[in-house]
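I opened a new model today and kept notes as I went.

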Amino acid sequence: QVQLVESGGGLVQAGGSLTLSCAANGLTVSTYNMGWFRQPPGKEREFVARITSSTTYTDSVKGRFTISRDNAKNAVTLQMNSLKPEDTAVYYCAATRSPSVLVKNYPYWGQGTQVTVSS
């Protein structure tokens, strides 16, 4: 059974940093395409970043966020710098065999972690 468990969310001031972690059980992150998504209040879930053999980011986080794998810990991290109030959302880790940025193509999801950025 696949489990993805996010941690590291919290409240931070604009301009600050947070590191989100996603620990995986039941799958090996080095053999899956791993993604981070977010769902702002009142909005649909949206793509943030993914790591396959390379990395892909949505335009609004390019240069500020970095996705990486820690194969030794079987985990994926999202380093978030220069945070803005519009980054406020519930952040989800997800896994897929497909090289996709679409929510519908990710069968495995974590429970989410709240990130709140104050102005």
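I am working with a predicted model, where local features need pLDDT of at least 70, side-chain atom pairs count only at pLDDT 80 or more, and totals for chains, interfaces and linings use all residues. Residues are numbered from 1 along each chain as its sequence is written, and side-chain values use heavy atoms, leaving out hydrogens and water.

**Entry: the sheet.** I looked up the strand order. An open sheet of 4 strands runs β1-β3-β8-β7, with antiparallel pairing. I noted β1 (3-7) and β7 as the edge strands, since each pairs on one side only. From one strand to the next, the twist averages 15°. Strands here are DSSP runs of E, at least two residues, numbered from the N terminus. Two strands pair if DSSP finds at least two bridges between them. Angles run from 0 to 180 degrees between N-to-C directions, with axes as lines fitted to C-alpha atoms.

**Entry: one pair.** I then followed β3 (residues 18-25). It pairs with β8 in the antiparallel sense over 6 bridges. C22 has V76 in β8 as its bridge partner.

**Entry: positive phi.** I checked N74, which sits in the loop between β7 (65-70) and β8 (75-80). N74 is not a glycine, yet its phi is positive, about 50°. Is N74 buried or exposed? N74 counts as buried because its relative accessibility is 16%; buried means under 20% relative accessible area, exposed over 50%, partly exposed in between (1.4 Å probe, protein chains only).

I moved on to S82, in the loop between β8 and β9 (89-96). S82 also has a positive phi, near 50°, without being glycine. S82 is partly exposed, at a relative accessible area of 40%.
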